[in-house]
Amino acid sequence: MLRRPTTVAATTLSAAALVLTMALATQAGADTTSTSTAPAAGPGNVAPEMFAALQRDLGLTPDQARARLAVDDRASRAQQVLRTTLGAGYGGTWVTDEGAAVAVGVTRAADAGPVRALGAVPVPVAYGEDTLHAAVERLNRRAAAAPATVIGWYADLPGNSVVVLARDGGAAAARSFAAAAGVPAGAVRVQASTENPRPYADVIGGNAYYTGGSRCSVGFSVNGGFVTAGHCGRVGARTSQPGGTVRGSTFPGRDYAWVQVDAGNTPRGLVNNYRGGTVTVAGSVEAAVGAAVCRSGSTTGWRCGTIQQKNASVTYPEGTVTGLTRSNACAEPGDSGGSWLSGDQAQGVTSGGSGNCSTGGTMYFQPVNAILAAYGLSLVTAGGPAPTPTPTSTGNPPGGTTWQVGTGYAAGATVSYAGQSYRCLQGHTAQPGWEPPNVPALWQRV
(Lines give C-alpha, C1' and ligand atoms only; values in the text may rest on other atoms or scores of the structure.)
Protein backbone atom coordinates (compact mmCIF):
# COMPACT_ATOMS: atom_id res chain seq x y z
CA MET A 1 0.00 0.00 0.00
CA LEU A 2 1.28 3.46 -0.86
CA ARG A 3 1.78 5.73 2.14
CA ARG A 4 1.72 9.49 2.29
CA PRO A 5 4.96 11.09 3.55
CA THR A 6 4.74 12.53 7.03
CA THR A 7 4.62 16.26 7.66
CA VAL A 8 8.11 16.12 9.20
CA ALA A 9 9.53 14.39 6.11
CA ALA A 10 7.84 16.87 3.79
CA THR A 11 9.17 19.80 5.81
CA THR A 12 12.66 18.30 5.83
CA LEU A 13 12.57 17.79 2.07
CA SER A 14 11.35 21.34 1.51
CA ALA A 15 14.23 22.72 3.55
CA ALA A 16 16.68 20.42 1.82
CA ALA A 17 15.33 21.40 -1.60
CA LEU A 18 15.81 25.06 -0.76
CA VAL A 19 19.39 24.50 0.38
CA LEU A 20 20.14 22.39 -2.69
CA THR A 21 18.63 24.99 -5.04
CA MET A 22 20.67 27.76 -3.40
CA ALA A 23 23.85 25.71 -3.62
CA LEU A 24 23.29 24.94 -7.30
CA ALA A 25 22.54 28.60 -8.03
CA THR A 26 25.74 29.63 -6.25
CA GLN A 27 27.76 27.14 -8.28
CA ALA A 28 26.13 28.25 -11.53
CA GLY A 29 26.99 31.84 -10.72
CA ALA A 30 30.58 30.90 -9.99
CA ASP A 31 30.85 29.02 -13.28
CA THR A 32 29.56 31.90 -15.37
CA THR A 33 31.81 34.51 -13.77
CA SER A 34 35.06 32.69 -14.46
CA THR A 35 37.81 35.01 -15.68
CA SER A 36 39.91 32.23 -17.20
CA THR A 37 41.01 32.89 -20.77
CA ALA A 38 42.05 29.29 -21.44
CA PRO A 39 40.19 27.67 -24.35
CA ALA A 40 37.38 25.24 -23.51
CA ALA A 41 37.74 25.91 -19.79
CA GLY A 42 35.80 23.62 -17.48
CA PRO A 43 33.42 24.76 -14.73
CA GLY A 44 34.47 25.58 -11.19
CA ASN A 45 37.56 23.76 -10.00
CA VAL A 46 37.57 21.02 -12.65
CA ALA A 47 41.14 20.75 -13.93
CA PRO A 48 41.66 21.48 -17.66
CA GLU A 49 43.31 18.07 -18.13
CA MET A 50 40.33 16.28 -16.64
CA PHE A 51 37.92 18.42 -18.66
CA ALA A 52 39.78 17.52 -21.85
CA ALA A 53 39.86 13.81 -21.00
CA LEU A 54 36.14 13.87 -20.28
CA GLN A 55 35.44 15.26 -23.75
CA ARG A 56 37.80 12.77 -25.40
CA ASP A 57 36.52 9.61 -23.74
CA LEU A 58 32.80 10.42 -23.65
CA GLY A 59 32.74 12.10 -27.07
CA LEU A 60 31.47 15.45 -25.75
CA THR A 61 31.85 19.03 -26.91
CA PRO A 62 33.01 21.57 -24.29
CA ASP A 63 29.43 22.78 -23.78
CA GLN A 64 28.15 19.22 -23.47
CA ALA A 65 30.87 18.42 -20.94
CA ARG A 66 29.93 21.46 -18.83
CA ALA A 67 26.27 20.46 -18.94
CA ARG A 68 27.16 16.90 -18.00
CA LEU A 69 29.20 17.99 -14.99
CA ALA A 70 26.32 20.21 -13.82
CA VAL A 71 23.88 17.27 -14.00
CA ASP A 72 26.35 15.02 -12.19
CA ASP A 73 26.72 17.56 -9.40
CA ARG A 74 22.94 17.88 -9.05
CA ALA A 75 22.65 14.10 -8.81
CA SER A 76 25.27 13.92 -6.04
CA ARG A 77 23.53 16.58 -4.00
CA ALA A 78 20.03 15.12 -4.48
CA GLN A 79 21.32 11.66 -3.58
CA GLN A 80 22.65 12.86 -0.22
CA VAL A 81 19.31 14.39 0.76
CA LEU A 82 16.88 11.78 -0.62
CA ARG A 83 18.71 8.72 0.66
CA THR A 84 17.94 9.92 4.20
CA THR A 85 14.57 11.62 3.81
CA LEU A 86 12.77 8.97 1.72
CA GLY A 87 13.97 6.08 3.87
CA ALA A 88 12.81 2.64 2.73
CA GLY A 89 10.93 4.16 -0.21
CA TYR A 90 14.14 5.43 -1.82
CA GLY A 91 15.11 3.43 -4.91
CA GLY A 92 18.45 5.07 -5.70
CA THR A 93 19.67 8.00 -7.79
CA TRP A 94 21.24 7.80 -11.23
CA VAL A 95 22.13 10.00 -14.20
CA THR A 96 20.16 9.00 -17.28
CA ASP A 97 21.76 7.94 -20.57
CA GLU A 98 23.89 10.65 -22.17
CA GLY A 99 23.79 12.61 -18.91
CA ALA A 100 20.52 14.34 -19.76
CA ALA A 101 18.76 14.25 -16.40
CA VAL A 102 18.78 13.01 -12.80
CA ALA A 103 16.45 10.09 -12.06
CA VAL A 104 15.37 8.79 -8.66
CA GLY A 105 13.64 5.47 -8.01
CA VAL A 106 10.60 5.64 -5.72
CA THR A 107 8.55 2.75 -4.36
CA ARG A 108 5.74 5.05 -3.19
CA ALA A 109 3.78 7.34 -5.51
CA ALA A 110 3.57 9.99 -2.78
CA ASP A 111 7.36 10.51 -2.96
CA ALA A 112 7.28 11.69 -6.58
CA GLY A 113 6.54 15.30 -5.59
CA PRO A 114 9.49 15.70 -3.21
CA VAL A 115 11.78 14.17 -5.85
CA ARG A 116 10.63 16.69 -8.45
CA ALA A 117 11.20 19.48 -5.92
CA LEU A 118 14.90 18.60 -6.02
CA GLY A 119 15.01 18.82 -9.82
CA ALA A 120 14.98 15.06 -10.42
CA VAL A 121 12.70 12.72 -12.37
CA PRO A 122 10.83 10.15 -10.22
CA VAL A 123 10.82 6.58 -11.59
CA PRO A 124 8.44 4.00 -10.05
CA VAL A 125 10.34 0.89 -8.91
CA ALA A 126 9.49 -2.31 -7.07
CA TYR A 127 12.52 -2.48 -4.78
CA GLY A 128 14.16 0.17 -2.62
CA GLU A 129 17.93 0.74 -2.69
CA ASP A 130 18.28 -0.80 0.77
CA THR A 131 16.48 -3.94 -0.40
CA LEU A 132 18.81 -4.35 -3.39
CA HIS A 133 21.90 -3.81 -1.26
CA ALA A 134 20.60 -6.31 1.30
CA ALA A 135 20.27 -8.85 -1.52
CA VAL A 136 23.86 -8.17 -2.56
CA GLU A 137 24.98 -8.75 1.04
CA ARG A 138 23.19 -12.12 1.04
CA LEU A 139 25.25 -13.11 -2.00
CA ASN A 140 28.40 -11.74 -0.39
CA ARG A 141 27.92 -13.98 2.64
CA ARG A 142 27.82 -17.00 0.33
CA ALA A 143 30.71 -15.87 -1.88
CA ALA A 144 32.77 -18.95 -1.02
CA ALA A 145 29.99 -21.12 -2.46
CA ALA A 146 29.70 -19.21 -5.74
CA PRO A 147 30.02 -21.47 -8.82
CA ALA A 148 33.16 -21.12 -10.93
CA THR A 149 30.99 -19.78 -13.76
CA VAL A 150 29.83 -16.79 -11.65
CA ILE A 151 32.06 -13.77 -12.19
CA GLY A 152 30.42 -11.33 -9.78
CA TRP A 153 27.23 -9.49 -8.86
CA TYR A 154 26.00 -5.97 -8.21
CA ALA A 155 22.94 -3.81 -7.53
CA ASP A 156 21.65 -2.28 -10.77
CA LEU A 157 19.70 0.82 -9.73
CA PRO A 158 18.26 1.85 -13.13
CA GLY A 159 17.30 -1.79 -13.75
CA ASN A 160 15.98 -2.15 -10.18
CA SER A 161 17.50 -5.59 -9.81
CA VAL A 162 20.51 -7.51 -8.58
CA VAL A 163 22.58 -8.62 -11.58
CA VAL A 164 24.60 -11.84 -11.36
CA LEU A 165 27.30 -12.07 -14.03
CA ALA A 166 27.88 -15.53 -15.43
CA ARG A 167 30.17 -17.04 -18.02
CA ASP A 168 28.78 -18.91 -21.01
CA GLY A 169 26.65 -21.82 -19.86
CA GLY A 170 26.52 -20.68 -16.26
CA ALA A 171 23.07 -19.05 -16.13
CA ALA A 172 21.33 -21.93 -14.36
CA ALA A 173 24.09 -22.24 -11.76
CA ALA A 174 23.94 -18.47 -11.20
CA ARG A 175 20.18 -18.59 -10.53
CA SER A 176 20.63 -21.50 -8.13
CA PHE A 177 23.38 -19.59 -6.32
CA ALA A 178 21.08 -16.56 -5.89
CA ALA A 179 18.16 -18.73 -4.76
CA ALA A 180 20.31 -20.51 -2.18
CA ALA A 181 21.33 -17.10 -0.81
CA GLY A 182 17.66 -16.21 -0.29
CA VAL A 183 17.45 -13.52 -2.97
CA PRO A 184 13.90 -13.28 -4.42
CA ALA A 185 13.79 -14.57 -7.99
CA GLY A 186 11.99 -11.41 -9.13
CA ALA A 187 14.90 -9.26 -7.95
CA VAL A 188 17.60 -11.25 -9.80
CA ARG A 189 18.76 -10.83 -13.38
CA VAL A 190 21.44 -13.16 -14.74
CA GLN A 191 23.62 -11.54 -17.37
CA ALA A 192 26.11 -13.30 -19.64
CA SER A 193 29.64 -11.88 -19.43
CA THR A 194 33.07 -12.56 -20.89
CA GLU A 195 34.90 -10.62 -18.19
CA ASN A 196 38.09 -12.11 -16.78
CA PRO A 197 38.78 -9.74 -13.86
CA ARG A 198 42.14 -9.60 -12.12
CA PRO A 199 43.85 -7.12 -9.78
CA TYR A 200 46.09 -4.53 -11.43
CA ALA A 201 49.46 -4.88 -9.72
CA ASP A 202 53.18 -4.84 -10.72
CA VAL A 203 53.04 -1.16 -11.64
CA ILE A 204 55.76 0.17 -13.94
CA GLY A 205 56.46 3.88 -14.40
CA GLY A 206 54.51 7.04 -13.54
CA ASN A 207 53.51 8.12 -10.07
CA ALA A 208 54.14 4.81 -8.33
CA TYR A 209 55.29 3.40 -5.04
CA TYR A 210 57.15 0.16 -4.40
CA THR A 211 56.34 -2.72 -2.06
CA GLY A 212 58.71 -5.69 -1.98
CA GLY A 213 59.56 -5.89 -5.73
CA SER A 214 56.07 -4.84 -6.88
CA ARG A 215 54.81 -1.43 -7.86
CA CYS A 216 51.36 0.11 -7.33
CA SER A 217 49.87 3.58 -7.73
CA VAL A 218 49.18 5.98 -4.89
CA GLY A 219 45.46 6.61 -4.52
CA PHE A 220 44.68 9.69 -2.39
CA SER A 221 46.55 11.46 0.37
CA VAL A 222 45.20 11.17 3.91
CA ASN A 223 46.48 12.54 7.18
CA GLY A 224 49.83 10.85 7.68
CA GLY A 225 49.96 8.88 4.43
CA PHE A 226 47.87 7.64 1.51
CA VAL A 227 45.22 5.07 0.58
CA THR A 228 45.60 2.47 -2.13
CA ALA A 229 44.50 -1.04 -3.14
CA GLY A 230 44.66 -3.80 -0.54
CA HIS A 231 46.12 -6.36 -2.94
CA CYS A 232 49.22 -4.19 -3.28
CA GLY A 233 50.63 -5.07 0.14
CA ARG A 234 49.91 -6.65 3.51
CA VAL A 235 50.03 -5.02 6.95
CA GLY A 236 53.59 -4.34 8.05
CA ALA A 237 55.06 -4.28 4.55
CA ARG A 238 57.55 -1.50 3.86
CA THR A 239 57.13 0.86 0.90
CA SER A 240 59.56 3.11 -0.92
CA GLN A 241 59.14 6.26 -3.03
CA PRO A 242 57.57 7.35 -0.73
CA GLY A 243 58.93 5.38 2.20
CA GLY A 244 56.35 4.14 4.65
CA THR A 245 54.62 1.19 6.29
CA VAL A 246 51.33 -0.47 5.38
CA ARG A 247 49.21 0.04 8.50
CA GLY A 248 45.96 -1.44 7.24
CA SER A 249 45.18 -3.81 4.38
CA THR A 250 42.22 -5.95 3.37
CA PHE A 251 42.08 -8.31 0.36
CA PRO A 252 40.04 -10.22 -0.67
CA GLY A 253 36.68 -9.36 0.87
CA ARG A 254 37.45 -5.70 0.29
CA ASP A 255 40.36 -4.19 -1.66
CA TYR A 256 41.75 -1.28 0.31
CA ALA A 257 44.82 -0.33 2.30
CA TRP A 258 46.52 2.67 3.81
CA VAL A 259 50.19 3.48 4.12
CA GLN A 260 51.67 5.66 6.86
CA VAL A 261 54.55 7.53 5.28
CA ASP A 262 57.87 8.24 6.96
CA ALA A 263 58.82 11.66 8.29
CA GLY A 264 59.86 13.98 5.49
CA ASN A 265 57.07 12.93 3.14
CA THR A 266 54.24 15.45 2.89
CA PRO A 267 50.80 14.19 1.78
CA ARG A 268 49.00 16.69 -0.44
CA GLY A 269 45.49 16.83 -1.87
CA LEU A 270 46.72 16.46 -5.44
CA VAL A 271 46.57 13.80 -8.17
CA ASN A 272 49.17 13.46 -10.94
CA ASN A 273 47.65 14.20 -14.35
CA TYR A 274 50.64 12.71 -16.24
CA ARG A 275 50.88 15.85 -18.36
CA GLY A 276 53.31 17.77 -16.23
CA GLY A 277 50.76 18.98 -13.68
CA THR A 278 48.33 17.98 -10.96
CA VAL A 279 44.61 17.99 -10.22
CA THR A 280 43.34 19.35 -6.92
CA VAL A 281 41.14 17.15 -4.73
CA ALA A 282 38.41 19.16 -3.00
CA GLY A 283 36.48 16.44 -1.15
CA SER A 284 34.85 13.04 -1.50
CA VAL A 285 31.18 13.64 -2.29
CA GLU A 286 29.84 10.40 -3.76
CA ALA A 287 28.84 10.63 -7.44
CA ALA A 288 25.61 9.00 -8.65
CA VAL A 289 25.19 6.03 -10.96
CA GLY A 290 25.51 7.26 -14.54
CA ALA A 291 27.76 10.17 -13.58
CA ALA A 292 30.97 10.81 -15.47
CA VAL A 293 34.15 9.66 -13.74
CA CYS A 294 37.85 9.92 -14.59
CA ARG A 295 40.76 7.87 -13.31
CA SER A 296 44.48 8.42 -13.08
CA GLY A 297 46.97 5.59 -13.33
CA SER A 298 50.68 5.19 -13.87
CA THR A 299 50.24 3.09 -17.02
CA THR A 300 47.45 4.78 -18.96
CA GLY A 301 47.24 8.29 -17.46
CA TRP A 302 43.85 10.04 -17.52
CA ARG A 303 40.91 7.96 -18.71
CA CYS A 304 37.20 8.73 -18.36
CA GLY A 305 33.90 6.89 -18.49
CA THR A 306 30.74 6.66 -16.42
CA ILE A 307 29.73 5.00 -13.17
CA GLN A 308 27.66 1.98 -14.16
CA GLN A 309 26.78 0.22 -10.91
CA LYS A 310 27.57 0.37 -7.22
CA ASN A 311 27.92 -2.22 -4.49
CA ALA A 312 29.32 -4.67 -7.02
CA SER A 313 31.00 -7.94 -6.06
CA VAL A 314 33.63 -9.57 -8.27
CA THR A 315 35.52 -12.82 -7.97
CA TYR A 316 39.27 -12.64 -8.64
CA PRO A 317 41.52 -15.70 -8.59
CA GLU A 318 42.42 -14.74 -5.00
CA GLY A 319 38.78 -14.56 -3.86
CA THR A 320 35.66 -12.41 -3.96
CA VAL A 321 35.79 -8.65 -3.33
CA THR A 322 32.57 -6.85 -2.41
CA GLY A 323 31.41 -3.24 -2.17
CA LEU A 324 33.08 -2.11 -5.41
CA THR A 325 31.89 0.40 -7.99
CA ARG A 326 31.75 -0.71 -11.64
CA SER A 327 32.75 1.57 -14.55
CA ASN A 328 33.61 1.51 -18.23
CA ALA A 329 36.61 3.85 -17.81
CA CYS A 330 39.50 1.78 -19.12
CA ALA A 331 42.60 0.75 -17.17
CA GLU A 332 45.50 -1.64 -17.57
CA PRO A 333 47.93 -3.53 -15.35
CA GLY A 334 49.99 -0.93 -13.54
CA ASP A 335 47.01 1.28 -12.69
CA SER A 336 46.18 -0.54 -9.42
CA GLY A 337 45.50 1.69 -6.45
CA GLY A 338 45.23 4.78 -8.67
CA SER A 339 42.78 7.64 -8.22
CA TRP A 340 39.18 7.90 -9.45
CA LEU A 341 37.55 11.33 -9.43
CA SER A 342 34.26 12.92 -10.44
CA GLY A 343 35.05 16.56 -11.05
CA ASP A 344 37.27 17.48 -8.11
CA GLN A 345 35.67 14.92 -5.77
CA ALA A 346 37.59 11.76 -4.85
CA GLN A 347 35.61 8.57 -5.63
CA GLY A 348 37.92 5.60 -5.09
CA VAL A 349 41.04 3.60 -5.94
CA THR A 350 41.50 1.12 -8.78
CA SER A 351 40.96 -2.51 -7.83
CA GLY A 352 40.91 -4.52 -11.08
CA GLY A 353 38.91 -5.41 -14.13
CA SER A 354 38.89 -6.77 -17.64
CA GLY A 355 40.02 -5.40 -21.01
CA ASN A 356 42.38 -2.55 -21.79
CA CYS A 357 42.47 0.98 -23.17
CA SER A 358 42.66 -0.22 -26.79
CA THR A 359 39.53 -2.35 -26.86
CA GLY A 360 37.74 -1.06 -23.74
CA GLY A 361 36.59 -3.09 -20.80
CA THR A 362 34.96 -3.14 -17.38
CA MET A 363 36.81 -1.78 -14.34
CA TYR A 364 36.15 -1.83 -10.61
CA PHE A 365 37.20 0.66 -7.96
CA GLN A 366 37.00 0.60 -4.18
CA PRO A 367 35.00 3.65 -2.96
CA VAL A 368 37.27 6.01 -1.03
CA ASN A 369 34.73 6.88 1.66
CA ALA A 370 34.63 3.22 2.68
CA ILE A 371 38.41 3.26 3.10
CA LEU A 372 38.34 6.45 5.17
CA ALA A 373 35.61 5.02 7.40
CA ALA A 374 37.33 1.64 7.80
CA TYR A 375 40.57 3.13 9.11
CA GLY A 376 39.31 6.41 10.62
CA LEU A 377 41.25 8.52 8.11
CA SER A 378 40.75 12.07 6.84
CA LEU A 379 41.23 13.00 3.20
CA VAL A 380 43.80 15.71 2.46
CA THR A 381 42.22 18.30 0.16
CA ALA A 382 42.97 21.49 -1.78
CA GLY A 383 46.64 20.75 -2.39
CA GLY A 384 47.72 21.56 1.14
CA PRO A 385 49.85 19.46 3.46
CA ALA A 386 48.22 17.14 5.94
CA PRO A 387 46.91 19.38 8.74
CA THR A 388 48.14 18.92 12.27
CA PRO A 389 45.21 18.14 14.60
CA THR A 390 44.50 20.93 17.07
CA PRO A 391 42.74 20.67 20.42
CA THR A 392 39.06 21.53 20.52
CA SER A 393 38.50 25.12 21.56
CA THR A 394 37.33 25.47 25.14
CA GLY A 395 34.49 27.62 23.76
CA ASN A 396 32.98 24.72 21.81
CA PRO A 397 30.13 22.69 23.28
CA PRO A 398 31.26 19.28 24.54
CA GLY A 399 31.25 16.35 22.11
CA GLY A 400 32.28 18.06 18.90
CA THR A 401 34.68 20.33 17.00
CA THR A 402 33.65 23.31 14.94
CA TRP A 403 31.82 22.51 11.67
CA GLN A 404 33.90 23.40 8.59
CA VAL A 405 33.33 23.38 4.82
CA GLY A 406 35.35 20.67 3.06
CA THR A 407 35.53 18.37 6.08
CA GLY A 408 34.30 14.78 5.74
CA TYR A 409 31.87 13.73 8.48
CA ALA A 410 30.86 10.15 9.27
CA ALA A 411 27.43 9.23 10.62
CA GLY A 412 27.44 9.76 14.38
CA ALA A 413 30.10 12.49 14.37
CA THR A 414 29.33 15.56 16.50
CA VAL A 415 30.19 19.18 15.74
CA SER A 416 29.50 22.62 17.12
CA TYR A 417 27.99 25.45 15.10
CA ALA A 418 26.86 28.86 16.37
CA GLY A 419 27.11 27.68 19.96
CA GLN A 420 25.03 24.52 19.45
CA SER A 421 25.96 20.83 19.12
CA TYR A 422 24.83 18.66 16.20
CA ARG A 423 25.09 14.95 15.40
CA CYS A 424 25.71 13.78 11.81
CA LEU A 425 22.89 11.60 10.46
CA GLN A 426 24.58 10.57 7.19
CA GLY A 427 28.22 10.51 6.09
CA HIS A 428 29.11 13.36 3.71
CA THR A 429 31.65 16.08 2.94
CA ALA A 430 30.50 19.54 4.05
CA GLN A 431 29.66 21.97 1.22
CA PRO A 432 28.98 25.73 1.27
CA GLY A 433 25.38 26.32 2.37
CA TRP A 434 25.15 22.98 4.20
CA GLU A 435 25.51 24.43 7.70
CA PRO A 436 23.89 22.09 10.28
CA PRO A 437 20.85 24.31 11.01
CA ASN A 438 20.10 24.50 7.27
CA VAL A 439 20.12 20.77 6.45
CA PRO A 440 18.11 18.74 8.98
CA ALA A 441 18.41 15.75 6.66
CA LEU A 442 22.13 15.60 7.48
CA TRP A 443 22.36 17.04 11.01
CA GLN A 444 20.35 16.63 14.23
CA ARG A 445 20.62 19.14 17.05
CA VAL A 446 21.67 17.56 20.35
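Counted along the chain, the bonded cysteines pair in the pattern 1-2, 3-4, 5-6. A disulfide here is a pair of cysteine sulfur atoms within 2.5 Å. By this rule there are three disulfides. This is a predicted model, where local features need pLDDT of at least 70, side-chain atom pairs count only at pLDDT 80 or more, and totals for chains, interfaces and linings use all residues. Residues are numbered from 1 along each chain as its sequence is written, and side-chain values use heavy atoms, with hydrogens and water left out.

| Pair | S-S distance | Handedness |
|---|---|---|
| Cys216 and Cys232 | 2.0 Å | left-handed, -85° |
| Cys294 and Cys304 | 2.0 Å | right-handed, 95° |
| Cys330 and Cys357 | 2.0 Å | right-handed, about 100° |

Where do the partners sit? Strands are DSSP runs of E, at least two residues, numbered from the N terminus. Cys294 lies in strand S17 (residues 292-297) and Cys304 in strand S18 (residues 301-316), ten residues apart. Cys330 is in the loop between strand S19 (319-327) and strand S20 (339-342). Its partner Cys357 is in the loop between strand S21 (345-356) and S22. These two are 27 residues apart.

Next comes burial. Buried means under 20% relative accessible area, exposed over 50%, partly exposed in between (1.4 Å probe, protein chains only). Cys216 is buried at 2%, and Cys232 is buried at 9%. Both Cys294 and Cys304 are buried. Cys330 is buried too, with 9%.

Notes:
Helices (H or I, at least four residues) and strands (E, at least two) are DSSP runs, numbered from the N terminus.
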